[in-house]
Amino acid sequence: MIMEISLWLNNVFIKDNIAPDTLLLDYVRSKGCYSVKRGCETSNCGLCTVILEGKPVLSCSTLAVRANGKHVITMEGLQEEAAEVGGFLADQGSEQCGFCSPGFIMNVISMSKELKDPTLEEVKGYLAGNLCRCTGYQSQLRAVLNYLNAKKEAK
Amino acid sequence: MKMNAVNASIRKKDAMALVTGKPVYTDDIAPKDCLVVKVLRSPYAHAMIKEVKIDAALKVPGIECILTYEDVPKTRFTIAGQTYPELSPYDRLILEQRVRFVGDGVAIIAGKDESSVLKAMKLIKVSYEVLEPVLDFTKAKDHKVVVHPEEDWKVLIPLGPDKNRNIVCHGTEEQGNFEEEYAKCKYVIDETYHTKANQQAMMETFRAYTYMDAYGRLNVVASTQVPFHVRKTLATALETKKSNIRVVKPRIGGGFGAKQTVVAEIYPAIVTWLTGKPAKIIYTREESQIASSPRHEMQIRVRIGADEKGKIQAMGINTLSNAGAFGDHTPTTIGLSGTKTLPIYTSNAKAYKFEYEAVYTNQMAAGAYRGYGATQGLFAVESAINELAAKMNIDPTILREKNIVKEGDFMSAYHGETANSCALDRCLEKAKEMIDWDNKYPCKDLGNGKVRSVGIAVAMQGSCINDVDVASVSIKISDDGFYNMNIGATDMGTGCDTILAQIAADCLDTDVNNIIVSGVDTDISPYDSGSYASSTTYLTGMATIKTCEELREKITAAGADMLGCKPEEAEFDGNSVINLTNHKSISLIDIANNSMCGSNHTLEACVKHTSPVSPPPYMAGAVEVEIDKETGHLDIIDYVAVVDCGTVINPNLARVQTEGGLVQGIGMALYEDVVYGKDGTCYSNSFMQYKIPSRLDVGQIRVAFESSYEPTGPFGAKSIGELVINTPSPALANAVYNATRVNVRTLPITSEKIIMGMLNK
Amino acid sequence: MAVIIHTKGDLTLFTIKNYVVVKDLEEAYVLNQKRSNVVLGGIAWLKMGERNIQNAIDLSGLGLDKIEETEEGFEIGSMVTLRELETNTALNSYFNGVIAKSTEHIVGVQFRNCATVGGSIFSRFGFSDILTCLLALDAYVELYKGGVIPLREFADMPKDNDILVKVIIKKDRREVSYLTHRRTATDIPVIACTVARVNHKWQVVLGARPSKAKLLLDKEQMLSNNPTEEEINKFIEYIKENIQFGSNMRASAEFRKHLAGVLCKRGIKEITERKGL
């Protein structure tokens with residue numbers, strides 16, 4: 001069976017026909033959203049994070065049909081914010097191999113919208129589902145705190 | 001030479017592309033019409049394939065080819081990415097009738113998309129004659145089952161192999177008479193330690209795509225640390241000339257040694273080679289967990305003897321290593337368990353002995369993982385030192401202060417090198433100060449069921465494989481005086497493209513942004529053995545300096561020619577060449593542009609570097625933990641690492657390397673374990689069953705540098721990448737002992753082992 | 001030696017032939033009577049297994065994604081995500097906030113935005129934090145055909161083809177503690193323990209034994225309202241004798257048994273030592 005779906009991918013309206021078992025991850029990559037990575041098959045790594053209806057979700061654990069009628073945002077649709085958060089990572093050298101960076105940054109952006117003035121523990125808790133093997137997390141944390149401070153000061 | 005770029009925390013050149021999610025990795029850039037390649041894998045740890053029925057599978061629409069052991073070349077090779085002639089045995093075929101571990105390749109399937117390939121895979125019928133496997137590496141030697149009975153097994157440089165006894169290599173190195181000196185010692189320790197296989201678990205799994213180019217050559221785009229070794233390995237495996245193969249490295253999503261083995265490239269390569277069509281393989285995480293190249297499991301007996309003053313007089317190490325089904329990196333990793341541990345304590349000892357033996361088993365073959373045998377050895381040796389201190393009833397930091405290698409010491413156990421740059425004593429002192437050792441050692445009971453304690457370890461590594469590794473760099477000058485820099489070393493997220501550009505920028509008195517670095521293409525890049533053995537900054541860095549020196553001479557000569565003077569009368573300051581006699585000058589822009597119009601000046605240089613020495617970087621790691629005395633739960637409160645990597649080229653990147661290595665080391669120490677079932681099935685087959693640390697598991701980490709100056713390194717630099725994984729296991733084991741008096745000698749140090757140790761005391 | 005014919009590579013295939021966004025529960029129920037059809041929650045767990053689904057049943061059009069507070073309790077639709085459970089202030093103002101506590105270790109925020117209450121409860125996984133937590137509350141499930149039944153009963157029922165509509169939690173003044181031991185912070189638990197005191201009586205749920213969560217009521221009132229150390233120790237011995245523990249990759253039965261005692265005691269103490277209640 002082929003399903004007809006329509007959705008907004010990075011604010012562009014798309015009508016499409018897809019197999020019902022297509023994962024959102026594979027779907028958005030097939031649409032050129034290569035920032036979305038697969039790091040595991042067991043919903044553990046956070047590399048495939050996209051924003052579905054304003055919430056960060058694992059696109060590897062979401063069927064594309066579930067996005068029917070909804071808004072999906074990948075990093076391709078958040079280039080400005082990605083560069084802003086990413087700049088703080090780059091200043092620490094904490095992108096390293098970069099493979100986990102897009103999923104991580106998507107979740108940082110979600111966090112900064114969802115949590116007002118988070119504590120250090122809240123920041124770590126919110127980002128716990130984003131694994132990284134290069135950095136040991138410390139430099140990512142420095143970068144995120146710098147980003148949150150910069151946002152606060154800009155207000 | 002002024003240091004402007006060197007020692008500055010410059011952003012990585014690729015940073016913004018990576019953080020904005022640009023399509024720069026292998027799977028992002030693979031052609032859309034690639035055949036999808038997958039491998040059918042053995043469900044048995046040891047079996048002979050009797051028959052493979054593929055007729056039904058071939059009928060699945062979109063299937064291009066299905067290859068079995070009957071379809072592949074019969075020349076054995078090694079997938080270890082090492083300089084030729086490799087020390088690893090040639091014990092593999094692309095596919096073989098005998099399967100040697102659960103996950104070993106049985107058939108290669110290529111088709112137009114993933115679903116047709118998976119469908120076909122299900123339709124392949126394989127008949128196996130199931131054989132008894134060898135699953136316990138302590139019983140593998142002289143086991144009645146021989147893992148490699150084949151006649152055509154070979155090794156180019158034999159280190160005492162005896163494959164009919166399942167022995168990959170074995171040997172003994174001794175200085176003085178160890179047994180005699182050990183027997184004379186007042187204080188002795190004799191304990192055996194067991195380190196487990198660990199997965200590198202880089203976020204990007206193994207992957208490659210292949211295609212034939214206009215010249216009929218096989219092009220391979222691979223996520224690899226060793227493009228030149230991939231070329232060599234594929235040529236051997238496919239029985240073709242190396243000139244028929246080109247390997248290109250795009251951005252890599254982490255390696256940590258995993259990609260120093262040619263794990264996946266051969267599968268799409270043979271498909272393209274036989275069909276002429278582009279093909280790609282993307283390993284699932286499961287494949288990356290069960291059929292890859294983890295750290296060698298080792299059992300290490302350590303004997304240390306000290307005199308009444310606490311001076312170490314004799315040290316013996318006996319290492320047994322589990323190669324798994326194939327011997328990739330086995331004869332080399334095992335050596336480091338002695339050569340990167342003994343030198344820390346034996347400069348003034350009377351004798352030492354290093355015995356080693358590695359065996360085949362029917363488990364996934366081990367490979368290279370950051371630390372490469374030194375990590376295993378240092379868990380054992382540093383734990384034994386801590387146990388010796390406990391036995392002598394002295395502070396383990398004081399025992400080390402009495403015995404560790406100091407600058408100027410001759411290290412007989414380290415291929416006779418002298419420690420020309422060594423700040424290990426300062427590292428130890430600083431680490432003690434940072435963690436407030438004197439006030440916190442050994443522990444403090446918090447009165448709420450929890451106890452806080454501290455633990456210590458030191459470590460060393462190398463900076464290349466001396467007299468083997470080769471690095472070369474080529475730099476040319478282009479329009480308007482920008483530089484194109486070509487390197488054969490592979491940036492895998494470590495930032496070497498940037499670090500080497502920083503070195504070149506200072507050597508050429510230019511801005512780092514004026515240097516364009518190209519990644520590796522074996523057709524174009526100058527030869528480099530690859531990014532491993534901690535060699536990139538040290539070795540390729542020196543090649544960079546030498547190349548820049550030669551290029552400067554050429555620029556000066558060209559400028560002098562244009563100014564009408566002799567090169568000796570001219571000087572290049574980075575912007576212009578100046579005639580020192582009349583102070584007339586000509587800009588680099590003019591020299592560069594002139595070289596492209598009616599000129600005989602080749603403004604290009606390429607210089608190679610190898611090193612007769614491999615100067616060790618050193619470090620001290622100290623940890624403070626909090627242990628729940630009832631559940632055994634361990635929280636890391638603070639980890640301090642003080643590193644001597646010589647001159648720090650990029651402080652940010654060196655710091656991140658250290659923090660990242662420590663957390664991998666913490667994972668090894670506390671959580672990570674490749675577990676097999678009784679039938680040889682790997683249970684640690686996902687990130688759900690193989691837990692690497694999350695950001696909630698690692699506590700605070702603080703890093704400091706105690707610089708030394710290494711005379712043979714670029715700007716005085718040594719390596720850092722591998723060293724930093726070595727201290728967590730022994731330091732944490734020490735902290736656990738200091739809190740509970742329980743010595744955990746088998747990794748990982750779980751709360752269960754802590755509690756059961758306490759209950760059984 | 002025996003020759004074994006193997007027809008399957010050890011790969012997992014997750015396929016869906018048809019996808020049905022049902023219009024009502026009846027349609028869902030009728031479809032779900034076939035074994036090859038499956039109701040989808042989030043699909044995080046489902047897709048890890050070998051599964052060839054004929055009809056995937058999607059309940060997302062039925063408004064089951066709400067948490068409703070009534071006089072007597074909370075009605076939680078089966079499509080409510082674990083993250084919504086975790087962040088719902090009204091729900092977590094009850095029961096000492098244990099519901100949030102029982103979700104916050106589950107993988108990560110993105111995972112909890114995908115996984116649903118229905119999926120977690122219906123699956124009755126041994127390692128389930130949520131099940132271990134809710135079993136200690138006065139909780140019910142509403143099944144389309146089976147009606148409202150206590151969660152305790154549902155937990156021990158074999159999996160059938162009914163549709164889980166909602167989870168109902170009755171408000172009462174029970175005091176609850178939720179504690180787990182994990183190998184890493186976001187791993188599934190080695191052992192999970194919920195302790196509750198209701199009207200001076202105690203009950204304990206032990207999950208991740210590693211098999212399914214088990215409720216144990218202090219029927220014989222071994223524990224007084226503010227139990228002594230001796231009472232607690234006797235009760236723990238009773239638990240260790242009456243609940244089975246098993247071994248797996250994460251821990252041995254022996255260690256689990258030990259931890260169960262420690263966490264149970266801590267849960268009791270946490271409740272009795274709470275201030276302001």
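User: In this predicted model, which residues does Ala504(B) touch, if those up to four places away in sequence are not counted?

Analyst: Two residues are taken to be in contact if their C-beta atoms lie within 7 Å. Read in this way, Ala504(B) touches Ile475(B), Tyr483(B) and Met485(B), and also Ile515(B), Thr544(B) and Cys548(B).

User: How should I read the two domains of chain A, and how many residues are in contact between them?

Analyst: Begin with the bounds, which the domain assignment places at 3–76 for domain 1 and at 78–154 for domain 2, and then take the distance between their centres, which over C-alpha atoms is 21 Å. Across the boundary, 15 residues of domain 1 of chain A are in contact with 14 residues of domain 2 of chain A. On the domain 1 side, strand β3 (residues 49–52) of chain A supplies the largest share, three residues, and by class that side has nine nonpolar, five polar and one charged residues.

User: What does chain A bring to its contact with chain C?

Analyst: Here 24 residues of chain A are in contact with 22 residues of chain C. Both β4 (55–58) and α4 (120–126) of chain A supply at least two residues of the chain A side, where the largest share, four residues, comes from β4(A). By class, this side of chain A has 10 nonpolar, 11 polar and three charged residues.

Methods. Residues numbered from 1 in each chain as written. Chains lettered and ligands numbered in written order. Predicted model: local features only at pLDDT ≥ 70, side-chain atom pairs only at ≥ 80, totals over all residues. Domains from an automatic or database assignment. Nonpolar A, V, L, I, M, F, W, Y, C, P; charged D, E, K, R; others polar.
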